[in-house]
Every structure is written in structure tokens, then in C-alpha cells.
Amino acid sequence: MQAEFRAPRRRTRVHEEYQAPLPVSSSPDERTDLRAELINQHVLVCHPDHIQKIHNQGYFGKGILSRARPDHSISDQWEQHKGLFLPVISQSRYEELRCWAGAALSAQGLDDEAVSQILLTHSRPVEMEDLRREVGEGENGHRCEEGEEKGPGPEDGVCPHTKRPKPRLDVEPEAKRSCRLDPEDLNHDHSSDQDSDSNPDPDPVSDLSSDSDPETEPLVPGPGFVLVVCDSEVGEGVREVRRTPFSLSEYLQLSLEEAFFLVYSLGCLSVYQHQEPLSIIQLWRKFRSLYPDFVSSYAAYHHFRSKGWVPKGGGGAKYGVNLMLYRKGPPFYHASYSVVIERVDDAFRGSALRPFSWRSLAALSRITANVSKELMMCYIIYPVDLSEAELDSPECLIRLKVQEVIINRWVSSRERAEQEDI
């Protein structure tokens, strides 16, 4: 019987625009080259431009410090302070960051006296005149030439997901930017810190748009500056601009299925391990060694992506399933289906990846219905004569078949009402 697909439920509040279904160029002449690293059995995308392209166009992966979108910030509260737009943190939070920075410096082999001196120098309040001078120097050093087009990136001084304040409008209080972990910056004295802050690599500064007016638009310093609010009774309400002693890097973590889809199906991603790119065969074998059921899991992921769905595996654990299927992406629609992946042979026999009893299946169906989703069993059908040697290459995907079965809870009263209507 053919499954009846219900219309996805659109979210009531959508805060972004849909860009593209996949992170590839529509022009056949343009090639998209993105890079990821295989680190400790995880696939991480570290370049800010690549993070934004992969996540915004297809909603692949999640931020390692965020629930979904990689937009972690040192603070969710930002405010305008003497013409500058700064993140606000408490004194206790600042001291916690100092402790982390001290531990990072001690791990580099520095003695306690050197660590204390570096932290003391780095955490001194920054005069507003010095900060404006650094921002101005960075702006002049990184402003594009007239008529030159330049995309967002780390050299611009603002990460791509930073929301810049607009002139003559209320400043966005939830502006966020990612920060980089670079404890080596703490090894410099105050004057060298000023030089490094004007450098776009260690501490980028904001590059205001060419049509903005610096006199009417608040300046946005780089992520190396914070507004520290004293939370003690003695100095309550005192605000000081200081340098960030310790910054956390926001990276994009891809699932094994997402990474292989970008490499194998789209050809837009290269995965590196120990600075060496991995071939498709090497990546396939590596992922199989990390996850024994990778073949079935990827076959299901590839199947649903090819149908236009956005499969997400992370949220499935909350509902006891392998995948959640979204139309367009999580920001636009609620998940329509909760998918359980099973491996069977041609006769629908074989050891189940997840054995169900009638009670556990009924419980899962009830949970899925309570969150307004439908439960789908995705059977990956393996030919009987498929050998282990064939499974050692992605070419085996050609021989696999996929069968979808939607499970609905039987309600006796509803069936009686339908029979009476007939």
C-alpha cells in the first residue's frame, strides 16, 4: 500500500531566509571546495566561511558549542558603551575565563610567576581612546578598495554570522560572533597586544560597510574585547572594557553520514586527517571502522537527502529514533517523520539492528504521535549474494534497496466511526 504523506507543519516564527538546498554552485563551471578535519573520530569544519556555507545551504551539522546553528558567543548580552558595541559579561565570568587562560598557559610550560604577570598585563582595563585607535587602524587596514567586491570571512574582522548594528536603528541585543582559542596571544605585553589586535588573524576588528557612517553607527571591536560588569556590592554597576583572556572556538561538527554525502555525492568537501586528504575509499573504510552499521545508516541518509528531505540524526535520540526528517530545514518546518533504520535481506529476514517487541514498538509509536510526527521504518534491503568484500566500497550502494513503512497506532473507536459512516 502506498504511504500517504502529510503536509509538513511550518514553524510560526521564521527568523531567516532559505538560501539553497545544497552547498554547491548552480553554475557547472564553478567548483565548491570545502574542507573538514577528522579529529578524534569526529568530522569538524573549522573555517568560518566553510561553516556558514555548509550549514546555511542544506543545514548540515551542528555547532560544537551550540544546540544547532554554530553561533556561539562569549555573551548573549551586547550593549553600546561610549560609541562601541561590546559583549557584556560579569566579573565572576571574567575571572573564570582568566583561570582557564592560566591553565592553558601553564600547560605550555610557563611557571606560575610568568603566568601571573601575563594575565595581569592582559586583564588591565583598556582605555576607550586606545580601543578606538585600534578599531580605526583595523578598519583602515582592511577596508576594501572602491568597487572591489569582497565576501565575508575572517579577514574582514567579523565572523560571517555576526550581526552588525544598523545606523539609526536599535542595536540588536542578541548579536553573536564566534571567538578563537588562541592562548599564545596572552604571551605578548600590552603594546604587542595592540599590534596583534589590528592584525586580522589573532584578533579581528570590524570592517564597517562602505556605505555606513562611522559617526552615526557604533563601532564593533573584534572578539578580543568585552565589557566587564562588576557584580560585587562594593563596585556594583562599574563597567570596564578589557581584553578577553580566553576565547572558545565554534566549529561545525558533521555526522559521518553528512560528511560522506558531501564528499561522495556532492564532491564539494575534502576531509583531512593529519594534514592529508582522505580518498573516498579511505573515508568509507574509516567510517565503517568507526561505526559498524555505517553502510545501512548512510544508505538511508542518502535516500532521504535525494528525495529533498533534510535528515538530522542528533535530534532523533530525543525521540528514540535514528533520523528526523525536515522539509527545507529545522528553522522552517517541524520534523515530519521519525525514522528507524533496519537491515534486512530480500525476504525481510535477518538480525535486526534494533529488535522490537510489540510493547516497545507501541510505546515508540505513541511517543511519536504525541509530538505530532509519524513513525517510519526504513528497511535497507541487502541482496543475499552481497559479499563483505563488496561492502568495503561505496559501489555496494547500487545493489541496496530501500523500503519505507509508516506505522500508525490503531484506534478502535476511530475505526468503528469510519465503519458507521460507510
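**A colleague's note on the fold**

1. Let's start with a helix on a sheet: helix H2 (residues 91–107) lies across strand E5 (84–90), E6 and E7, and H2 runs at about 85 degrees to E5. Please keep in mind while reading that this is a predicted model.

2. Now for the sheet that holds those strands. E4-E5-E6-E7 is the order of an open sheet of four strands, and the pairing in it is mixed. Strand E4 (78–81) and strand E7 (239–243) are the edge strands, each pairing on one side only. From one strand to the next, the twist averages 45 degrees.

3. Four bridges link E4 and E5 in the antiparallel sense, with His81 standing opposite Leu84 in E5. E4 and E5 also form a hairpin, with two residues between them. In that turn, Lys82 has a positive phi of about 55 degrees. Further along, strand E6 (residues 225–229) pairs with E7, again in the antiparallel sense, over five bridges. Here Val229 is found opposite Arg239 in E7.

4. Next, take a step back to see the whole protein. The secondary structure comes to 11 helices and 15 strands. Of the 422 residues, 44% count as buried. Among contacts with a separation of 6 or more, 68% come from residues 24 or more positions apart. The protein exposes about 23,100 Å², and carbon and sulfur atoms supply 48% of that area.

5. There is another open sheet to find, with six strands in the order E3-E8-E2-E1-E9-E10 and mixed pairing. Strand E3 (62–63) and strand E10 (276–277) stand at its edges with a single partner strand each, so one side of each has no neighbour in the sheet. Inside the order, strand E2 (residues 42–45) and strand E8 (residues 252–254) are joined by three bridges in the antiparallel sense. Val43 has Leu254 as its bridge partner in E8.

6. What are the partners of E14? Strand E13 (residues 337–344) runs parallel to E14, and eight bridges join the two. Arg343 is the residue opposite Ile380 in E14. To get from E13 to E14, the chain crosses through helix H10 (residues 358–370), and this β-α-β crossover is right-handed. Strand E15 (residues 401–407) pairs with E14 in the antiparallel sense over seven bridges. In that pairing, Met377 stands opposite Val405 in E15.

7. For helix packing, have a look at helix H6 (residues 256–265) and helix H8 (residues 294–306). Their axes are 10 Å apart and they pack at an angle of about 65 degrees, in a right-handed crossing. From H6, the residues Leu256, Glu257, Glu258, Phe260, Phe261, Tyr264 and Ser265 take part; they meet Phe294, Ser297, Tyr298, Tyr301, His302 and Arg305 in H8.

8. Most residues other than glycine have a negative phi. Tyr59 is not a glycine, yet its phi is positive, at about 55 degrees. Tyr59 is found in the loop between helix H1 (48–56) and E3. Is Tyr59 buried or exposed? With 3% relative accessibility, Tyr59 counts as buried, as the cut-off for that class is under 20%.

9. At 29% relative accessibility, Lys328 counts as partly exposed.

Technical notes: Residues are numbered from 1 along each chain as its sequence is written. This is a predicted model: local features need pLDDT of at least 70, side-chain atom pairs count only at pLDDT 80 or more; totals for chains, interfaces and linings use all residues. Side-chain values use heavy atoms; hydrogens and water are left out. Two strands pair if DSSP finds at least two bridges between them. A crossover is right-handed if, with the strands pointing away from the viewer, the path from the first strand over the helix to the second runs clockwise. Buried means under 20% relative accessible area, exposed over 50%, partly exposed in between (1.4 Å probe, protein chains only). Contact means heavy atoms within 4.5 Å. Accessible areas come from the Shrake-Rupley method with a 1.4 Å probe; for residues, only the protein chains shown count as cover. Axes are lines fitted to C-alpha atoms, for helices over the stretch in contact, and angles run from 0 to 180 degrees between N-to-C directions. A crossing is left-handed if the near helix is turned anticlockwise from the far one by less than a right angle, and right-handed if clockwise.
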